[in-house]
Amino acid sequence: QRLPGRVINPARSPAVANINAPFGFRHTSYQPGGAPDYQLSSYAINSSYATQIGFGDPVCFSTNSAASPFIIQATGALATAGPIIGIFQGCLYIPSAGGAPQYSPFFPASVGAVATAYVLDAPNAQFFAQSLNTAVTSAMIGQVFNFTTGQCSTVGGGFSIATIDQSTGTTSGAVVSLLPFRLTGLYPGLGNGSDPTTAFNVGRYCFNNQIFRSTVGG
C-alpha cells in the first residue's frame, strides 16, 4: 500500500513498455534557483491563420521575429530559424460566425477576429514531453533537441501531439545554440513513459533556444 507522501522508486517497480500517446509539452516545474512564474503572457493570433494550435504546442512569431504581431504553431524547421516563444496554453477567440468571445484550450483556426493566445514563456520553465520513437536515456541528459508536431486532436481537450525528436540530440556543433529544448532529466513517475528502455519514454526538458534565453539573433 502506498503511504501518503511516500515516493516509490520506479527502479524497483515492474517496467511496462511505453505506448505512443503524445501530449505535447506539459508544464511540470521550474529550474532550481529560478523564481516560479505562474503568469501566462498574452500574444495575438491572426484571425485568418488556418492552422490549429494545440494545448502544449511550441509557438513562435509568424516571421520568427519579434517585429511580427502574430504567433503561429512552431515547427522543427521554424525553431532553428529563430527562437520559439514558449508553450501554448489556450486562447480567447470570437467564432467565425460571430458572437461573444470564448475560451478554448486549443486554437480552432480561422476565427472571426484577432485571437488572444496565452503562452507559458517563463525562461526557467520545465516540461515533460514524450520521445518520438527511440527512448531518451540518462546518458543523454544535457543534450539539446528539436521536436516534431502536427495537427492536434480537437477531441478531449485539443492537446498537442508534439514530441521530442530523439534523433536530433547533440551537445556539439553549431546547431547546439539553435535547438529549442534541453533534456534535464527523465520522468520519475510510474506508468506510461516511465520505462527508459523502450520507445516513447518521457523526459523533462527546459528551454534552450527561446525568446528570453536565445544567444543568437531572432
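Reply: The accessible surface of the protein is about 10,200 Å², and carbon and sulfur atoms hold 57% of it; areas come from the Shrake-Rupley method with a 1.4 Å probe, and for residues only the protein chains shown count as cover. This is a predicted model, in which local features need pLDDT of at least 70 and side-chain atom pairs count only at pLDDT 80 or more, while totals for chains, interfaces and linings use all residues. Residues are numbered from 1 along each chain as its sequence is written, and side-chain values use heavy atoms, with hydrogens and water left out.

Of the 218 residues, 43% are buried, that is, under 20% relative accessible area (1.4 Å probe, protein chains only). Gln89 is one of the buried residues, with a relative accessible area of 13%. Gln89 sits in strand β5, which spans residues 86–93. Strands here are DSSP runs of E with at least two residues, and helices are runs of H or I with at least four, numbered from the N terminus.

Leaving out residues up to four places away in sequence, Gln89 touches Leu40, Phe55, Gly56, Tyr103, Pro105, Tyr118 and Leu120, where contact means heavy atoms within 4.5 Å. Across the protein, 74% of the contacts with a separation of 6 or more join residues 24 or more positions apart.

The C-alpha atoms fill a box of roughly 55 × 45 × 30 Å along the principal axes.

Note on methods:
Buried < 20%, exposed > 50% of the residue type's maximum accessible area, 1.4 Å probe, protein only.
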